[in-house]
Amino acid sequence: MDDEFYRIKRLPPYVIAEVNAMRAAARAAGRDIIDLGMGNPDLPPPQHVIDKLCEVAQKPSAHGYSASAGIPGVRKAQANYYARRFGVDLDPETEVVMTMGSKEGLASLATAITGPGDVVLAPNPSYPIHTFGFIIAGATIRSVPTTPDERYWQSLERAMAFTVPRPSILIVNYPSNPTAETVDLAFYERLVAWAKENKVWILSDLAYSELYYDGQPTPSILQVPGAKDVAVEFTSMSKTFSMAGWRVGFAVGNTRLIAALKRVKSYLDYGAFTPIQAAACAALNGPQDIVEANRVLYQKRRDVMVEAFGRAGWEIPTPKASMFAWAPLPPALRDMGSLEFSKQLLTHAEVAVAPGVGYGEDGEGFVRIAMVENEQRLRQAARNIKRYLASMGINSSAA
């Protein structure tokens, strides 16, 4: 027998798991680790959403198999959300499917539409499922930059000119995880035109659609006229409503891609637990004040983190969106590499961050910091980091 299975051979060790294991061991030993590594919201869902979950769970009929594509009410609720937020009309029957989080949706669509011999354009650095969902399906990845500048467009043109076979799918993710970069509607207009010209499908991951700051709402690619001809978009309730563990997401857009996703999912699952789907309806259709409240809270955390870490001697660019900051290593420690730097912070500052190299080779030299601790804990993290940097000969700013 072969020592490794076919798909497992295509998956490298998960770099971030190494830091996660160290964090777990440190906590088991009783150390107070400030966890800024995983994008796991620390805020509760809205109370009326929890109440709806409990209410429906009391019904005996709610415990059977559910609908793989989502119950009609939840698909209609998502269509209504797109109409309110983006001015985009969606047919709940043919252009909306519920997924078990955007991650599962992307992986299932990769299974549906790609296989060995297909080439997928994916950003580097990027959230791992944007590449490995397609690698697991047997496709080949060609990297393009994440930063949406002219280098990005040049990379797309080179990929189409010199890749055999020609790429058939492009992944985009703005606000970006991990880099927190954003784009405007003009970017999507150019991208849709490019995709139509080159006969490429666009898969847009809009998981952080509602975590935007400074009064600058993030657009949807589907706002571009004709975008549904070439694009589907994934959203998630994990961050918007602090429902990460509920595993509720959606794919919307192109009817052919949605049909393919539905068909594969019908073989793989029976959908999320019906009470969860009912609660998702309550979140989408009910009061939206928590969305704004969460946005304000994360922006305050962002401002505290950038200011406090800067005074500690670590300058971090201010993210425009998402729940992450994409932080270059302090210049004096850049040669250490992102993985070793993350280990050092965990060991000597009791602060967990995610090494940038875990998001692709172009993530080297950075770490991703999740704003999932309160302001007091972020200030404590800054004090711990200040002591660590001082021990490495790096002076902090004057307090």
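Contact here means heavy atoms within 4.5 Å. By that rule, and leaving aside residues up to four places away in sequence, Ile50 touches Pro45 and Trp246. What you are looking at is a predicted model, where local features need pLDDT of at least 70, side-chain atom pairs count only at pLDDT 80 or more, and totals for chains, interfaces and linings use all residues. Residues are numbered from 1 along each chain as its sequence is written, and side-chain values use heavy atoms, with hydrogens and water left out.

Back to Ile50: you'll find it in helix α3 (residues 47-57). Helices (H or I, at least four residues) and strands (E, at least two) are DSSP runs, numbered from the N terminus. Ile50 is partly exposed, at 25% relative accessible area; the scale calls a residue buried under 20%, exposed over 50% and partly exposed in between (1.4 Å probe, protein chains only). Pro275 is 225 residues away from Ile50 along the chain, yet their C-alpha atoms are separated by 9.8 Å.

Now for the rings. Rings of Phe, Tyr and Trp (its six-membered ring) pair if their centres lie within 6.5 Å, and planes under 30 degrees apart count as stacked, over 60 as edge-to-face and the rest as tilted. There are 14 aromatic pairs in the structure. In one of them, the ring centres of Tyr152 and Trp153 are 5.4 Å apart with planes at 90 degrees, so this pair is edge-to-face. Tyr152 and Trp153 are both buried. Another edge-to-face pair is Trp326 with Tyr359, at 6.3 Å centre to centre and 85 degrees between the planes. Trp326 sits in strand β9 (residues 324-328) and Tyr359 in the loop between β11 (354-355) and β12 (366-370), so the pair ties together parts that are 33 residues apart in sequence. Trp326 counts as buried at 11% relative accessibility, and Tyr359 is buried at 5%. Ring pairs also link Tyr152, Trp153, Tyr174, Phe187 and Tyr188 into a cluster.

Some charges sit over rings too, meaning that NZ of Lys or CZ of Arg is within 6 Å of the ring centre and within 35 degrees of the ring normal. Here are two of that kind:

| Charged residue | Ring | Distance from ring centre |
|---|---|---|
| Arg295 | Tyr212 | 4.0 Å |
| Arg368 | Phe324 | 3.8 Å |

What about disulfides, pairs of cysteine sulfur atoms within 2.5 Å? A search of the whole structure turns up zero. For Cys54, the nearest cysteine sulfur belongs to Cys281, 16 Å away, which is too far for a bond. Cys54 is partly exposed at 41% relative accessible area, whereas Cys281 is buried at 13%.

How values were computed: A disulfide is a pair of cysteine sulfur atoms within 2.5 Å.
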